[in-house]
Each structure stands twice: as structure tokens, then as C-alpha cells.
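Here is a short report for a reader new to this structure. Look over the model, then read on.

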Amino acid sequence: MEITDTPDGIPGEDEEPPDFDAWESPEELLAGKPTRERLLDVVMQLREPTKVSKIAERADCDTETARDYLEWFTEMGMVRELSGRPVRYERNNSYLTWRRIEQIRGQYSEAEIVEQLKDTLDATEEYRQRFDATSPSEVSLVDESRERAIEDVWEAVSTWKTLEKRAALLDAARRDDLSSGRAGEVNA
């Protein structure tokens, strides 16, 4: 495959682009849900600090209602309030990590967590050996694509990153403290 060739699965220039208008809009997906759920859906999707009015608009509610729920979400730790003019809110990723760790603890016994952690660490070790690197960030797609298709390398590196995150979550679930560690630091 030449570098200018279109990989399989990606539409060529002569093909029609997907009909994005046929997809259900985010507003339609949220319609019919209670206000609290709509607001929670919106704040969990925030990627950057966002004004109350914008959050209210996305959740299809008035600004005062959004402000009340956002104060509650802030007290619960789900979002962070960024003071200033205007006040903005952002998703608290630490809260989401804590929730995921608690879900793992609720779903699996400690022995199951350790077994899954061992399997995950074994898989990450295979990627370390495969790429002769200690972390996915050390892998150069340019260098690796000289021997393999760049899509294959990218997919492998993405899988490795996911395994590293999974190992950190499993390790945090195994320990009593809630801080997540690096996968390489685990002694399972």
C-alpha cells in the first residue's frame, strides 16, 4: 500500500459522505428525560469549562434550574465550579475515576481483580516487547510504519494505552487508597 492510497473502510473521494443529518441530534436524544438527567448527561460530556447558560441551553432548561443542579453536582463532586465572570463548570474526571474504581470493587472480588490485573499486565508486557518501549508514548508511528501498516501500529498503540489505563484502575481498586498508579508499579 502506498502512503497516498485510501485504507480499507475509509470512503474514497468519489463516494458519498455519510448523511449526518439522518443521525439523531443530541437534543433529540435528551428529549423526554427529567431535567436532572438531561443536565447530568450534558455535564458528563463537557470537554472544557462551560458557562451555565450554555449548559442550560444544551439541557433544554432555564438557567436558574441549571444553576441549582450545578451547585448540587458541585457539592457531590461531579463537576468543578470555576469562579470568575462568568462562572463556568467542568466535568470532574477524578470523580469519574473514583466511580469506576467503586464499580470494579462492587463487581469483582479482590482475587478476581488481582487475576484481571495480572492478565492486563501480561498483555501490556507483550506490547512493551513488541515495540521495545516502556510506554505507548515512546512509540513513533512514523518509525513503526516502515515495517507495518500505520493503521495497525496506531491500533496496537491505542490498545496498549487502554490496557495501561485498565491496569491503573484495577490496581487502584485492589488498593485501599483511591489514587491511581502506573501499571508498571504494580506488584500483583
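A salt bridge is a side-chain nitrogen of Lys or Arg within 4 Å of a carboxyl oxygen of Asp or Glu.

## Ground rules

The model is predicted: local features need pLDDT of at least 70, side-chain atom pairs count only at pLDDT 80 or more, and totals for chains, interfaces and linings use all residues. Residues are numbered from 1 along each chain as its sequence is written, and side-chain values use heavy atoms, with hydrogens and water left out.

## Overall build

The protein has eight helices and three strands. Helices (H or I, at least four residues) and strands (E, at least two) are DSSP runs, numbered from the N terminus. Along the sequence the pattern reads α-α-β-α-α-β-β-α-α-α-α.

Of the 188 residues, 29% are buried. Buried means under 20% relative accessible area, exposed means over 50%, and partly exposed lies in between (1.4 Å probe, protein chains only).

## The sheet

Three strands form an open sheet in the order E1-E3-E2, with antiparallel pairing. Strands E1 (50-51) and E2 (79-82) are the edges, and each pairs on one side only. Two strands count as paired if DSSP finds at least two bridges between them.

E1 and E3 (residues 88-91) pair over two bridges. Lys 51 has Arg 88 in E3 as its bridge partner. E2 and E3 pair over four bridges. Here Arg 80 stands opposite Glu 90.

Which residue takes a positive phi in the hairpin of E2 and E3? Gly 84 does, near 130°, and the hairpin has five residues between the strands. The loop between E2 and E3 also holds Pro 86. The peptide bond from Arg 85 to Pro 86 is cis, with omega near -5°.

Two residues other than glycine also have positive phi: Asp 60, near 55°, and Asp 132, near 50°. Asp 60 sits in the loop between helix H3 (52-59) and H4. It counts as exposed because its relative accessibility is 62%. Asp 132 lies in the loop between helix H6 (110-131) and helix H7 (141-144). It is exposed too, at 73% relative accessible area.

## Salt bridges

The count comes to 12 salt bridges. Side chains of opposite charge can pair when their charged atoms come close. In helix H3, Lys 54 and Glu 57 meet at 3.9 Å, N to O. They are three residues apart, so about one helical turn separates them. Lys 54 is partly exposed at 35%, whereas Glu 57 is exposed at 57%.

In helix H4, Arg 67 and Glu 64 meet at 3.4 Å, N to O. These two are also three residues apart, about one helical turn. Arg 67 is partly exposed at 30%, and Glu 64 is partly exposed at 47%.

Lys 118 and Asp 122 both lie in helix H6, four residues apart, about one turn. Salt bridges that share partners join Glu 125, Arg 128 and Glu 164 into one network.

## A negative patch

Asp 62, Asp 68, Glu 71, Glu 75 and Glu 81 form a negative surface patch. Such a patch joins like charges within 9 Å, using residues with over 30% relative accessible area and no salt bridge. Asp and Glu count as negative. Each charge is placed at CG of Asp or CD of Glu. Accessible areas come from the Shrake-Rupley method with a 1.4 Å probe.

Helix H4 (residues 63-76) gives the largest share of the patch, three residues. Glu 71 is found in helix H4. At 39% relative accessibility, Glu 71 counts as partly exposed.

Notes: Patches are made of residues with over 30% relative accessible area and no salt bridge: like charges are joined within 9 Å, nonpolar side chains (Val, Leu, Ile, Met, Phe, Trp, Tyr) within 5 Å.
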